Amino acid sequence: MENSLFGLTEGQIAQFGLTFGVGAFILYMLFIVLNLALESKAGKFGTFIIFLVLSLGMLGFVAKNIIQWVLGI
């Protein structure tokens with residue numbers, strides 16, 4: 001058997017960690033952004049702007065995964 005842990009190769013473990021680990025981190029960051037918006041009493045428009053600006057990087061990560069899935073890479 002190749003070098004594996006619980007029957008998974010190093011590449012499979014890295015892909016799992018990247019997908020679910022970073023996904024969980026993104027959810028945690030969204031919670032932080034929501035908490036920031038509530039504590040600053042930003043209002044509806046301010047909360048929208050905070051989510052828009054601080055979430056663009058997360059949107060890029062999600063878009064990359066969707067593009068890879070569609071292209072079958």
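What should the 29 residues of H2 span at 1.5 Å a residue, and how far apart are its end C-alpha atoms?

1. The 29 residues of H2 should span 42 Å at 1.5 Å a residue, and this agrees with the 40 Å between its end C-alpha atoms. The expected span is 1.5 Å times one less than the number of residues. Helices are DSSP runs (H or I, at least four residues), numbered from the N terminus.

2. This is a predicted model, in which local features need pLDDT of at least 70 and side-chain atom pairs count only at pLDDT 80 or more, while totals for chains, interfaces and linings use all residues. Residues are numbered from 1 along each chain as its sequence is written, and side-chain values use heavy atoms, without hydrogens and water.

3. H1 (residues 10–39) packs against H2 (residues 43–71) at an angle of about 170°, with the axes 10 Å apart. The two helices are therefore roughly antiparallel, a term for angles over 145 degrees. The contact (heavy atoms within 4.5 Å) involves residues including Leu 18, Val 22 and Ile 26 of H1 and Thr 47, Ile 50 and Phe 51 of H2. By class, it has 14 nonpolar, 2 polar and no charged residues.

4. H2 bends by about 50° at Ser 55, the bend being the angle between axes fitted to the seven residues ending there and the seven starting there. Ser 55 is also one of the buried residues of H2, with Gly 46, Ile 50, Met 58 and Phe 61; buried means under 20% relative accessible area (1.4 Å probe, protein chains only). H1 is included in what covers them.

5. Lys 41, in the loop between H1 and H2, has a positive phi of about 50° although it is not a glycine. At 73% relative accessibility, Lys 41 counts as exposed, that is, over 50%.

Notes:
Axes fitted to C-alpha atoms, helices over the stretch in contact; angles between N-to-C directions. Parallel < 35°, antiparallel > 145°, perpendicular 65-115°, else oblique. Nonpolar A, V, L, I, M, F, W, Y, C, P; charged D, E, K, R; others polar.
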